[in-house]
Amino acid sequence: MIIRKKFRFEGAHIVRNCTSQRCRENIHGHSYEVEVFLKSDQLDNGFMVMDFILLSSVAEFIHSFDHSYTLWDKEADEVKDAIYRINTRVAEIPVSPSAEGYALLFFFVINRIISKTKFVNGEGNVKLHAVRVHETQSGYAEASAEDLSMVRFVLKDIKFNDGIQKEWKDKTWWNQIGEF
Ligand SMILES: [Zn+2]
């Protein structure tokens, strides 16, 4: 059985090298919707795949991008310097922040969160099935496990600056999922 939880964030970016000149040359924003699909072979004691309350770190992660600038780590140094100078919330990531890039990045991290989640209510083999990122009302990108072969990065390539980290309700979640 598959369940889905939807999250939202308001994010800013530039998508370098894309076909549309507007997108590749201008800082602009979108109201993103992120659908997280989870799958299990068994229901827990409450007849649920899993209680959404266990997704608090997923919420913390996705909301880290809210009212943040998402900076591709391949940007020119002068752009990086300017972004860090004028923003207090910057997420620097190893993929371009297209909807596809976000979907792959989110799958990678949320998969790690789910694999580190302690299930103690009779849940079955709970797995992250897919992550769907809607950048506009008409378009989305969806990533699942096999799509991770398109990219290569590790968790420590994802960097949340101090302005983001200081607003985390749980300051420990990032280190808990990582091997830093
Ligand atoms: Zn855009």
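Biologist: Before anything else, what counts as a helix, and how are helices numbered?

Modeller: A helix is a DSSP run of H or I with at least four residues, and numbering goes from the N terminus. In that sense Val58 lies in helix H2. Keep in mind that this is a predicted model.

Biologist: OK. How many helices and strands does the chain have?

Modeller: The chain has 6 helices and 7 strands. Starting at the N terminus, their order is β-α-β-α-β-α-β-α-β-β-β-α-α.

Biologist: And how does the radius of gyration look next to that of a compact globule?

Modeller: The two agree, because a compact globule with 180 residues would have a radius of gyration near 16 Å, and the chain has 17 Å. The C-alpha trace spans about 55 × 35 × 25 Å along its principal axes.

Biologist: What share of the residues is buried?

Modeller: Of the 180 residues in the chain, 33% are buried.

Biologist: How much of the contact count comes from residues 24 or more positions apart?

Modeller: Such pairs account for 68% of the contacts, when contacts with a separation of 6 or more are counted.

Biologist: Back to Val58. Is Val58 buried or exposed?

Modeller: Val58 counts as buried because it has 24 C-beta neighbours inside 10 Å, and the cut-off for buried is 20 or more.

Biologist: Which residues does it touch, leaving out those up to four places away in sequence?

Modeller: Val58 touches Val36, Ile110 and Ile113.

Biologist: Is the crossing left-handed or right-handed?

Modeller: H2 passes H4 in a right-handed crossing.

Biologist: Which residues meet there?

Modeller: From H2 there are Ser57, Val58 and Phe61, and from H4 there are Val109, Ile110 and Ile113. By class, that contact of H2 with H4 has 5 nonpolar residues, 1 polar residue and no charged ones.

Biologist: Staying with H4, what about Gly101: buried or exposed?

Modeller: Gly101, which is in helix H4, is buried, because 22 other C-beta atoms lie within 10 Å. Not counting residues up to four places away in sequence, Gly101 touches Val95 and Ser96. The C-alpha atoms of Gly101 and Val15 are separated by 9.9 Å, and the two residues are 86 residues apart along the chain.

Biologist: Change of topic, the loops. What is the phi of Asn17?

Modeller: Phi of Asn17 is near 70°, which is a positive value in a residue other than glycine. Asn17 is in the loop between strand S1 (2-13) and helix H1 (21-25).

Biologist: What is the C-alpha distance from Thr172 to Ser57?

Modeller: Thr172 and Ser57 are 9.7 Å apart in space, C-alpha to C-alpha, and 115 residues apart in sequence. Ser57 is one of the H2 residues that meet H4.

Conventions. Residues numbered from 1 in each chain as written. Predicted model: local features only at pLDDT ≥ 70, side-chain atom pairs only at ≥ 80, totals over all residues. Left-handed = near helix turned anticlockwise from the far one by under 90°. Helix = DSSP H or I, 4+ residues; strand = E, 2+ residues; numbered from the N terminus. Contact = placed C-beta atoms within 7 Å. Nonpolar A, V, L, I, M, F, W, Y, C, P; charged D, E, K, R; others polar. Rg over C-alpha atoms; globule rule 2.2 N^0.38 Å. Buried ≥ 20, exposed ≤ 12 C-beta atoms within 10 Å, placed from the backbone.
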